[in-house]
Amino acid sequence: MTTRTNSRGILAEANSDDRGEIVEMLTRAYWMEVETVISYLANSINPDGVRAQEIIESLEADIEEELGHARKYGERIKDLYGVVPGTLEFSPQQSYLQPPEHQTDIVHVIKGVIEAETGAIDFYNEIIERTEGVDPVTNDMVIAILRDEEGHRRLFEGFLREYEAEGKA
Ligand SMILES: [Fe+2]
Ligand SMILES: [Fe+2]
């Protein structure tokens, strides 16, 4: 007996083009999350100074969340008949999250995090728009992830405000 294929939804044969495009977007999002994990890991270890501790603790918590996002994107890629790529397909983009010249330069780290979160927010809004009415499950998943990224951005904006208020940013 052959299995019946879906006639509706993103798994339907007729929607294979949409599915392919969405898998491509999910793959890009997956790499963004993986790169963010790598960058936040380094930036949660490198900073020096009393005031760096708050940033370090915050990034340590974020690493777990971003890793969770990467896993969600990976699982959704698989659900849509894609394959989670291997490391040889990885091309890093986060020039703004490289270690600063001085490890007490916390403003550099804060601004880098804001840049990463802003990029994620922009791209995830794009995925939400693309999947609207086409793939409600991906749409719903990315909305939840977007909420986390907006929270991260807002938290680091708050950190930056404190430095700006002192004329140090
Ligand atoms: Fe994330
Ligand atoms: Fe984030």
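Let's start with helices α3 and α4 (residues 136-165), whose axes come within 8 Å and cross at roughly 155°. Axes here are lines fitted to C-alpha atoms, for helices over the stretch in contact, and angles run from 0 to 180 degrees between N-to-C directions. So α3 is roughly antiparallel to α4, a label for angles over 145 degrees. And the crossing of α3 past α4 is left-handed, meaning the near helix is turned anticlockwise from the far one by less than a right angle. In that contact you'll find 19 nonpolar, 6 polar and 6 charged residues. Nonpolar covers Ala, Val, Leu, Ile, Met, Phe, Trp, Tyr, Cys and Pro; charged covers Asp, Glu, Lys and Arg; the others, Gly among them, are polar. The helices themselves are DSSP runs (H or I, at least four residues), numbered from the N terminus.

Quick housekeeping: this is a predicted model, where local features need pLDDT of at least 70 and side-chain atom pairs count only at pLDDT 80 or more, while totals for chains, interfaces and linings use all residues. Residues are numbered from 1 along each chain as its sequence is written, chains are lettered from A and ligands numbered from 1 in the order in which they are written, and side-chain values use heavy atoms, with hydrogens and water left out.

Glu33 sits in helix α1 (residues 16-43) and His69 in helix α2, 36 residues apart. Both Glu33 and His69 are buried, that is, under 20% relative accessible area with a 1.4 Å probe, protein chains only.

Glu66 is buried, with a relative accessible area of 1%, and Glu117 is buried, at 1%.

Last stop: Lys168, in the segment after α4. Is Lys168 buried or exposed? Exposed, with a relative accessible area of 53%, where the cut-off is over 50%. Its C-alpha is separated by 7.9 Å from that of Val107, 61 residues apart along the chain.

Notes. Helices (H or I, at least four residues) and strands (E, at least two) are DSSP runs, numbered from the N terminus. Angles under 35 degrees count as roughly parallel, over 145 as roughly antiparallel, 65 to 115 as roughly perpendicular and the rest as oblique.
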